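The paragraphs below go through a structure step by step.

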There are 2 protein chains.
Amino acid sequence: MKITRRDLIKVSAATAVLGAFGGASAAAEDPLPSWNEGASKKAILDFVHTTTDKSHPKFVPPVERIATFDQDGTIWVEHPLYTQIMFALDRVVALAPKHPEWKTTQPFQAVLSDDKEAISKFTMPDLEKVLFATHTGMTVDSFQAIATDWIAKAKDARWKRPYTDLIYQPMVEVMQYLRDNSYKTYIVTGGGQDFVRSYAERVYGVPRDQVIGSALDLHYTYNDKGQGILMRPPKLLLNNNLSGKPEDIYLFVGRHPKAAFGNTAGDQQMEEFTQAGGGATLMMLVLHDDADREYAYGPAQGLPDSKIGTFSQALYDEAKSRKWNVISMKSDWKRIFAFD
Amino acid sequence: MKITRRDLIKVSAATAVLGAFGGASAAAEDPLPSWNEGASKKAILDFVHTTTDKSHPKFVPPVERIATFDQDGTIWVEHPLYTQIMFALDRVVALAPKHPEWKTTQPFQAVLSDDKEAISKFTMPDLEKVLFATHTGMTVDSFQAIATDWIAKAKDARWKRPYTDLIYQPMVEVMQYLRDNSYKTYIVTGGGQDFVRSYAERVYGVPRDQVIGSALDLHYTYNDKGQGILMRPPKLLLNNNLSGKPEDIYLFVGRHPKAAFGNTAGDQQMEEFTQAGGGATLMMLVLHDDADREYAYGPAQGLPDSKIGTFSQALYDEAKSRKWNVISMKSDWKRIFAFD
């Protein structure tokens, strides 16, 4: 069963009623029930208590309560391939009748013949060709409709479930807990901003204006009725990765975050910039060390190397030296998914 | 006396108490007390009633309730010069000791000798030189401190008051009324995003992440302590004017606004894009036709021409043909400023 926002509201109401009669148990009050007791859970609870306690010297006024979350590998599954790449590959197939030349042109030929070996070896320029061919040349409204339709129907091959079921329940709880304490929760993803916007509200409770991602340089023009429309051209405005993350966070938010959650070197600068804001801050990185329940990759701590979502030993050492918290999926998380 | 947000809360509480005893008068309940009765006020009230009435076919779900406001000339005074230009001119004077060459270099020489005639004839390249010299080359945090300090002290020459007193009380009421009805109110300004952010929360009740403006292409680097910092380089990322407004609104918000307020051709595309979203929409333009209480300029409707905040007759005709609402400051507004 997936816990919906409505369920959470019901739980809150029930907790409040129990509380009024002095009958609330510690378990009912735990805002992070999918987390095992330990340093990671304690760090989150301590951070929220500190920053919301008016008598604490590190109290943070509500207007400054900003928390940022990377998406792929931090709040949902990114293996074996980023979900947005799966979307792009499916779109190549759907659009193929309009592009007969793709049958004999790479990288499209590999996609159309479902050559998994070749697809797994795609270079960045290959991926860019696939992404631009499937993500541009339409209005922003058309793209929203296409992405919304796809994400409602597509399923992950391992779990046979919609990709949006593969969000990490412990992280959903952290987002909800932060929002219950007047934090604004932003998704800050290297993925496409408008792709993530097509489901972020429904799945994470994050409204579209709190999704920061890689973004195209939109072009305003007119349709044949003289109405103003925005076209998606094959030109990137924001590459929301590495240094792009703090740059774009400031562009959108105008502040240092107080808390930041990531899982790769692409999130390092976001973590640094959060810490550099001073006062009470929380920097966390998710380590995928649970091959049974999800996937195991690093190569930090001797885990297998990975092209998708690399967590290097250098990043691990950096995290330790800067006192960032590394979340072990295996030991910190009681369950991974809501359906577990 | 300036009405603060705290005062508004007090008024709300008082109204609620009166209401509970059945004693609330119609006047106490008017959300737009600084507006004269007429087509403009009626358009705003009708729009809010329609979009928040669940039984109405044009009901708008809360998550889609987005309203955008141009700043200069729409929610505060822009004559005789944009406030941000006054800031830049003051900064040239403050920084002059570090730039001895400015004494003999234009456009700085004109500023340092307070040559109002020459300043009034500055070209766009002149203004760009002044803006880049005063707004770049420091961290984002330093710039916030500089702008916050200036806006707290600087005063307008005509009213002898802080610039932040020169906000239009009727528009503050519209913003508050919209927020009371679950609208998010965004400032969408051609001015510098980070300049406006330095006072928007305090003055308009608009948090930093709801200020969209012209923005620099920030550069992430490190200070000598190894902390992540963002520098402001002399390079524009977003020119938030004309077509830039709908492009940037979509970048930040991911939706068409439902309501948009402007006052010049620089706002036309924002109004068009709002209307193109369909359903219930509200497009409004402020016409400065009150020389006694503020300024009068157009040249729409035979008003004097202006280099700052031009409202052309072509824009006026466009507004009429697309059924946008033109607000007459003279006849629609009971008072202009909170201190009137």
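Contact here means heavy atoms within 4.5 Å. By that rule, the contact takes 40 residues from chain A and 40 residues from chain B. The model is a predicted one, in which local features need pLDDT of at least 70, side-chain atom pairs count only at pLDDT 80 or more, and totals for chains, interfaces and linings use all residues. Residues are numbered from 1 along each chain as its sequence is written, chains are lettered from A and ligands numbered from 1 in the order in which they are written, and side-chain values use heavy atoms, with hydrogens and water left out.

Buried area is the accessible area (1.4 Å probe) that two parts lose on being put together, summed over both. Chain A and chain B bury about 3,400 Å² between them, and 52% of that lies on carbon and sulfur atoms. On the chain A side, A:Tyr220, A:Tyr250 and A:Leu251 supply 20% of the area buried against chain B, more than any other three residues.

Polar contacts (pairs of N or O atoms within 3.5 Å; within protein, one must be able to donate a hydrogen and the other to accept it, and residues adjacent in sequence count only if both atoms are side-chain atoms) are found across the interface of chain A and chain B in 26 residue pairs, both residues at pLDDT 80 or more. Which elements of chain A supply at least two residues each to the side that touches chain B? Among them are helix 8 (140–153), strand 2 (184–192), helix 12 (244–253) and helix 13 (268–276); helices (H or I, at least four residues) and strands (E, at least two) are DSSP runs, numbered from the N terminus. Helix 12 of chain A gives the most to this side, with six residues.

A salt bridge is a side-chain nitrogen of Lys or Arg within 4 Å of a carboxyl oxygen of Asp or Glu. There are two salt bridges between chain A and chain B. In a salt bridge, the side chains of A:Lys184 and B:Asp209 meet at 2.8 Å, N to O.

How are the two copies related? Two copies of a chain are related by a rotation about an axis and a shift along it. Copies are superposed by least squares on the C-alpha atoms of residues with pLDDT of at least 70 in both. A rotation of 180 degrees with 0.0 Å of shift along its axis superposes chain A on chain B, with an RMSD of 0.0 Å. The two copies are thus related as by a two-fold rotation axis. A:Phe252 is the residue of chain A that comes closest to the rotation axis, its C-alpha being at 3.4 Å. Of the interface residues of chain A, 100% are also interface residues in chain B, so the copies meet through the same surface.

The backbone also has some local features. A cis peptide bond, with omega about 5 degrees, joins A:Gln106 and A:Pro107. A:Pro107 is in the loop between helix 4 (83–95) and helix 5 (108–112) of chain A. In chain B, the peptide bond from B:His79 to B:Pro80 is cis, with omega near 0 degrees, and B:Pro80 lies in the loop between strand 1 and helix 4 (83–95). A:Ser182 is not a glycine, yet has a positive phi of about 65 degrees; A:Ser182 sits in the loop between helix 9 (169–180) and strand 2 of chain A.
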